[in-house]
Amino acid sequence: MIIEIAQFKIKAGVNDADVLTASQEAHDGFLATCKGFLDRELLKSADGEWIDVVRWETMEDAQKAMQDFMGHPSTKKFGEVIDPSSIKMMHCEVAKKY
């Protein structure tokens with residue numbers, strides 16, 4: 001299993017409701033339909049940073065989804081609320097689950 005972690009900040013003037021609406025649209029219209037998608041959590045820290053955690057069956061599934069994400073119509077709004085200069089991405093293989 002692969003854990004994808006995307007950490008980001010939102011653009012000025014964007015509120016939490018905007019992020020959640022755009023995230024749901026990206027989830028329903030794209031992520032949940034991708035091959036190998038397992039589940040997803042969207043987190044927000046006390047200092048306003050967001051963390052999107054997605055679980056994939058394989059690294060190939062995660063990479064394919066990442067390649068197709070920004071070009072998909074359902075992800076457009078989510079991309080528009082994120083400050084692109086703040087994005088940090090990481091893919092980790094689960095070494096052991098407790």
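Close-up 1. Lys 44 is partly exposed because its relative accessibility is 42%, where partly exposed lies between buried (under 20% relative accessible area) and exposed (over 50%), for a 1.4 Å probe and protein chains only. This is a predicted model, in which local features need pLDDT of at least 70 and side-chain atom pairs count only at pLDDT 80 or more, while totals for chains, interfaces and linings use all residues. Residues are numbered from 1 along each chain as its sequence is written, and side-chain values use heavy atoms, with hydrogens and water left out. The side chain of Lys 44 forms a salt bridge with that of Asp 16, at 2.7 Å from N to O. The pair links distant parts of the chain, Lys 44 being in strand β2 (residues 37–44) and Asp 16 in helix α1, 28 residues apart. A salt bridge here is a side-chain nitrogen of Lys or Arg within 4 Å of a carboxyl oxygen of Asp or Glu. Helices (H or I, at least four residues) and strands (E, at least two) are DSSP runs, numbered from the N terminus. Asp 16 is also partly exposed, at 31% relative accessibility. The whole structure has eight salt bridges.

**Close-up 2. The salt bridge between Lys 35 and Asp 61.** The closest N and O atoms of Lys 35 and Asp 61 are 3.1 Å apart. Lys 35 lies in the loop between α1 and β2 and Asp 61 in helix α2, so the pair ties together parts that are 26 residues apart in sequence. Lys 35 is exposed, with a relative accessible area of 65%, whereas Asp 61 is buried, with 6%.

**Close-up 3. Arg 55 and Asp 39 across two strands.** In the salt bridge between Arg 55 and Asp 39, the closest N and O atoms are 3.0 Å apart. Arg 55 is in strand β3 and Asp 39 in strand β2, so the bridge ties together parts that are 16 residues apart in sequence. Asp 39 is partly exposed, with a relative accessible area of 34%. Asp 39, Glu 41 and Arg 55 are linked in a salt-bridge network.

Close-up 4. Ser 23 is in helix α1 (residues 16–29) and counts as buried, at 5% relative accessibility. Arg 40 is in strand β2 and is buried too, with a relative accessible area of 15%. Leaving out residues up to four places away in sequence, Ser 23 touches Arg 40, Leu 42 and Phe 78; contact means heavy atoms within 4.5 Å.

**Close-up 5. The largest pocket.** The volume of the largest pocket is about 360 Å³. Among its 18 lining residues, Ala 6, Phe 69, Met 70, Phe 78 and Met 89 are the closest to its centre. Helix α2 gives the most to the lining, with four residues. A pocket is an open set of points on a 1 Å grid over the protein atoms alone, where a 1.4 Å probe fits, with protein on both sides within 12 Å along at least five of seven lines; lining residues have an atom within 4 Å of a point. Grid points are joined across faces, edges and corners, and the volume is the space filled by probe spheres set on the points.
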